[in-house]
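Let's take a friendly walk through this structure together. Keep the 3D view open beside you as you read.

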Amino acid sequence: MKTIQNIGLALFLVALTIFTSLIFFGKYKVTPEVLENLVNSKGIKSELFINNMNSHVVGKEFSNPFSFSTEITSALESANETHKQNSEWDKVIWDKPHSFSYEIVKQGGGGLVKNNQWLFWWFTFGLGIIGALMYIIPNVVVKGPPGIKNNGIWFNAATNRGWIGWFAFIFLVGFYLLLYFRPDYIVNWTYIVEPISESLSGNLASQWFLYGFLYCTVMTVMAVRMYIKYRHNKYQILRTTSVLFFQIVFAFLIPEILVRFEKPWYDFKNAFPLDYDFFFKWNLDELIASGGLGLFILIWGIVLTLVIVPVMVYFFGKRWYCSWVCGCGGLAETLGDPYRHLSDKSLKAWKLERWVVHGVLVFALVMTGFTLYYYFSGADAVLGIKTQTIQDIYGLLIGAFFAGVIGTGFYPIFGNRVWCRFGCPLAAYLGIVQRFKSRFRITTNGGQCISCGNCSTYCEQGIDVRAYAQKGENIVRSSCVGCGICSAVCPRGVLKLENGPEKGRINPTEILLGNDVDLMELVNQK
Amino acid sequence: MEHIVIIGNGISGVTAARHIRKGSDKKITIVSAESDYFFSRTALMYVYMGHMKFEHTQPYENWFWKKNRIDLKKGYVESIDTKNNTLHFAKGDSLQYDKLIIATGSKPNKFGWPGQDLKGVQGLYSKQDLENLEVYAPNNKVCKHAVIVGGGLIGIELAEMLHSRHIPVTFLVRESSFWNGVLPTEESAIINKEILSNGIDLRLSSNLKEIKSDENGKAKSVIIQETGEEILCDVVGLTAGVSPNIDVIKNSEIETGRGIKVNHYLETNIPNIYAIGDCAEQHEAIENRRSIEAVWYTGRMMGETVAQTICGNRIEYKPGHWFNSAKFFDIEYQTYGWVWSQPKDKETRFYWEHESGKKCIHISYDKNTREFIGINTFGIRMRHDFFDEILTEKQTVEYVLEHLADANFDPEFYKLHEKDIVAKFNTENNTNIQLKKKSWKRIFSNQLK
């Protein structure tokens, strides 16, 4: 069994190495036709840029995307600089340099990977999946009979912030930086999934299609790990199945199929304000232009946030969304599960969390206020602040850095729910409902707690569960996503997630059940 | 300001301190030689197993003590001068108190076995025991084999710990079946199976004769009394129960028996000196409880109680209905009320076991009045609130079975066995009990009042 696991690990690492190395290779060339098409489709009026491209790029062959991209972006930037100096505003190319360059690179790229897409899919995704499963599945035997087997988690360099953890951190952060800010470097990756994209939506694979596909793949493989690890725990099995279903069907397949029918790309479960650009002008315009379905989406999106989300939180707690439906939660509960114990449980972290997560919520709402004002009044600035500027800042800081780079990249260091706990505006909104108007709580079982601390250690949201359990007090916390792991790891059967009457849900106690009834009454009455 | 000094920073002492702080402004000092801060002793096993780090066993962050004005003193008390209200420490310093609470806990039992003090021979009780285990059994290279002597809760935990590091274990149990002084035959048999299925070499009805030493004064083997068999080993775990840790107190004026003698008010023979937790011995046991209770929650309850007395509200220690829980490898155990290993005269039993052989419930009730006396469960979690109320109201076994759905505390979506259980009872007893649907109203009736 160990041998199978080692071979699996080796295969996975080979696949990862091939995948990573792909960005360094390829053939990139712009033909005069490509440039002409681009100039026409974008309506580019800058002769400077066109000349620059003709003399430095067109007809030349580049062997890696970096130098190729550098030539394009510097051609664009130097042309822009001149135009801006000369106030030739209509000649300035307003596209983000690397997104612009991505379009050219995507068309101009070629070479081994582009010509052997399925082959490379097998060398990367295929081999990676097989390797990972060979590593994961033998755990049915290796880790012993069903039950909580967290043995050695704090001794393993992958899960105790050791060198493997830091390596994973650097890799993930690097991946997200490329994905968000240098898509032109990773066109080879998009070629790998091109056939899949074409068969789904009929379009070429963008970096976002690559991300979506990779996301679903990683979740599926790591869900297998969850199924094995918690095979004795039906709550975990169902929850894992649910997040997997919503990710693959709602966040991946349906939107791609919508695109195939020339409808807007839309993830029906992605609620505002997590879906922060829902009310952006371009989105509203696109929805309104898309006829009946567009209108339905518009109404659905509003109803989802204003009615469905809070009503469901009232009945089931925010877990129905955060750990049963949400894509971010889905990744955190599968890929992130091995890192859940790394969350910070200190009171300081809790204080910080409340400021930051509610700050992001306010930010998102203010931005949306500006956006809607702009949409209805047409004034693109309020109090001298441009709506576009706010949207750009939010998109960069929250959308890209917080949700992506930090949210997932920091899994191996700060645990798997950094985004959900500190950054997600929807989680903040759900949390307020959960804290003040919900039937959900984690019930503490009388006096059975022995303060061992497994619950707190394995709480991905950094809730000090034990602090409540050892006081015999139910856990009612806005940040609880109801993953159910505290209950699973409890050796004494103290914790149960349940939805019950609101009354008595919050029950601070001084003396626990089991002691003298008179004493309990005396002290608890105070 | 009155100075309350507490010896021992375990659950009893710390609970007392916290509640004294809640109820008063007195100066509080907790003395400990074991650790700087309170930690959960029951969690030490998880540190060795790599589930947690030591700091995770500390229920309060380090700032907690200063914020709550609870002074912590690290030091080993060498003697207690009850005439001058003074503690003398091993390092020569001393501390004055107005009231003293002794909460020194337990120490592992040693029964005079030859070799019991060799290197590599230890109990599993203190932080130091954990540290020693890391020295003598860090992995299966250094420790090729371990022997555990004594089949109780700590013994099986130690077996699970060593097993988690792939160290082969021989487990010597004096009884003919694991923990059968406490568990009825059926439950005990399930645990025997669970131990064996985890690859532990379980030896029932086996006593330790002696531990042999190598040339460096370290344990190298044990001899089994019954067979004379010699088992080579690098570590010997002595887990044959615990007894009050009162060596220091024995040399004082404070009355001791097996533990520190206290009345129901947790008062010793010396005014202003109290004893709580594992080290306290009741003159007269309370109801069916033992006179010395070495259980986590009883320590906590004594702390809760003595704090009231210290704060001027003298109150008797009156623990409520017995309950307890444990985990044997993957089998969770809970108990509410009393299910003795052997039924008493007036009792009769109902037993249900799941086909997996890993879950069961065992109910004891009065065969004449049908009053519910207690329940053991394996692999099924039950609501403490539910059974506490049942016991207070002296409900019948029929009532309990009817409302079994209310009692269940398993995570959502778990397969429920109540129908099977009730059906079996009906068949065996010729009754017609109908299982009621789970009712939130009944479950939360206490809170709804």
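## A helix in chain A

In chain A, helix H15 is followed by Gly317(A), a residue with a positive phi near 85 degrees. Before going on, please note that this is a predicted model, in which local features need pLDDT of at least 70 and side-chain atom pairs count only at pLDDT 80 or more, while totals for chains, interfaces and linings use all residues. Residues are numbered from 1 along each chain as its sequence is written, and chains are lettered from A and ligands numbered from 1 in the order in which they are written.

H15(A) covers residues 291-316, and its 26 residues reach 35 Å from first C-alpha to last, close to the 38 Å expected at 1.5 Å a residue (1.5 Å times one less than the number of residues). Helices here are DSSP runs of H or I with at least four residues, strands are E runs of at least two, and both are numbered from the N terminus. At Leu304(A), H15(A) bends by about 50 degrees, the angle between axes fitted to the seven residues ending there and the seven starting there.

Which residues of H15(A) are buried? They are Ile297(A), Gly301(A), Val309(A), Met312(A) and Val313(A). Buried means 20 or more other C-beta atoms within 10 Å of a residue's own, exposed means 12 or fewer, and partly exposed lies in between, with C-beta atoms placed from the backbone. Their cover includes helix H14 (281-289), helix H16 (319-322) and helix H22 (425-436) of chain A.

## An open sheet in chain B

Five strands of chain B form an open sheet in the order E9-E16-E10-E11-E12, with parallel pairing; strands pair if DSSP finds at least two bridges between them. E9 (121-122) and E12 (201-203) of chain B stand at the edges with a single partner strand each, so one side of each has no neighbour in the sheet. Two bridges join E9(B) to E16(B), residues 235-238, and Gln122(B) has Gly237(B) as its bridge partner.

## Where the chains meet

Contact (C-beta atoms, placed from the backbone, within 7 Å) links 44 residues of chain B with 48 residues of chain A. On the chain B side, H8(B) gives the most, with six residues. That side divides into 18 nonpolar, 14 polar and 12 charged residues. Here Ala, Val, Leu, Ile, Met, Phe, Trp, Tyr, Cys and Pro count as nonpolar, Asp, Glu, Lys and Arg as charged, and the others, Gly among them, as polar.

Notes:
Two residues are in contact if their C-beta atoms, placed from the backbone, lie within 7 Å.
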